[in-house]
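Trainee: Please take one part of this structure and look at it closely. I would like a connected account, with the whole protein as background.

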Amino acid sequence: MRDLATNLHAAFAEALQTPATHPSGDHHDAMVKQTVDGLAQLSDSARRHVDIGPYPDALTHYGADLLAQMIKTPLAELMRDLWSELHWYEIFSDASISETLSKGLITAPIAGTRGQLVSETILSGIFLLAPHIHYPLHQHPALEIYYVLSGEIHICHGRDKAPMRISAGDYSLTPPDQVHSLTTGDSPCLIIYTWTGDLANENWWWVKEDDVWIRKCWQREASGTWKVVHKEPLRDEIIALSGDA
Ligand SMILES: [Fe+2]
């Protein structure tokens, strides 16, 4: 596809012109600006070829229906055009999570350390969640936007917060270090995401072990797949940073 960077920036900027369904705090406009500015840094002169590997099971099962039901916005149409060039893989692989979860969360990078558009300052890609998936509470230092292309998702910003439904054509903003979880219902969901700001290679999941909250750190390997590398108690200062205090 020609002019991918230019078109991605323009289409994403258009998609973010309306307020987020799940704005999360007082810095809505600044977070949108950070994301649009990050997309503006992408360049079609920094393109690389990406080999398309075997399709993960979740893509075989849900990809065609999600594509058929996708909304008709410029950003969604851009993703439709790019679809045949995407390399998909399962995101999380670790003995501590169920096969349902590891097989039910797949991604195809577009920009960043992987994907066609080379960048050290922004990550963007497509994210597919199978039906009946609960992606547990987690936090990362990057600012995250999820724009739903097909289906719907419930996002929750804390252990005791009410989930918010994000439907196709709507988006959520998750500030740096804000803890959040994702849940699908009877249908799968297709999202385009961005990470901007601090792109440290860490994603901390909050889990209860023996009735005590801990957090475990996942890190991305060269293949793109994330693995658990560390566990630690969930300390008060971390909770205070997470929006869950
Ligand atoms: Fe996240």
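Mentor: Take helix α1. This is a predicted model. α1 has twelve residues and spans 16 Å from first C-alpha to last, close to the 16 Å expected at 1.5 Å a residue.

Now its buried positions. Leu-4, Ala-5, Leu-8, Ala-11, Phe-12 and Ala-15 are buried in α1. These residues lie on the same side of α1, because the arc they cover around the axis is only 140°.

What do the buried residues of α1 pack against? Two helices are on the list: α2 (28–40) and α4. The strands are β2 (105–112), β3 (117–118), β6 (142–150) and β9 (171–174).

Look at α4 in detail. Two packed helices are described by the angle between their axes and the distance between the axes. For α1 (residues 4–15) and α4 (residues 74–82), the axes come within 8 Å and cross at roughly 145°. On the α1 side, Asn-7, Leu-8, Ala-11, Phe-12, Glu-14 and Ala-15 make the contact. On the α4 side, the residues are Pro-74, Leu-75 and Leu-78. By class, this contact has seven nonpolar residues, one polar and one charged.

Then the background. The protein holds six helices and 14 strands. Its radius of gyration is 17 Å, close to the 18 Å the globule rule gives for 245 residues, so the protein is as compact as a globular protein of that length. Along the principal axes, the C-alpha atoms fill a box of roughly 50 × 40 × 35 Å. Of the 245 residues, 40% are buried. Among contacts with a separation of 6 or more, 69% join residues 24 or more positions apart.

Methods: Residues numbered from 1 in each chain as written. Predicted model: local features only at pLDDT ≥ 70, side-chain atom pairs only at ≥ 80, totals over all residues. Axes fitted to C-alpha atoms, helices over the stretch in contact; angles between N-to-C directions. Helix = DSSP H or I, 4+ residues; strand = E, 2+ residues; numbered from the N terminus. Contact = placed C-beta atoms within 7 Å. Nonpolar A, V, L, I, M, F, W, Y, C, P; charged D, E, K, R; others polar. Rg over C-alpha atoms; globule rule 2.2 N^0.38 Å. Buried ≥ 20, exposed ≤ 12 C-beta atoms within 10 Å, placed from the backbone. Expected span 1.5 Å × (residues − 1). Arc of directions from axis to C-beta.
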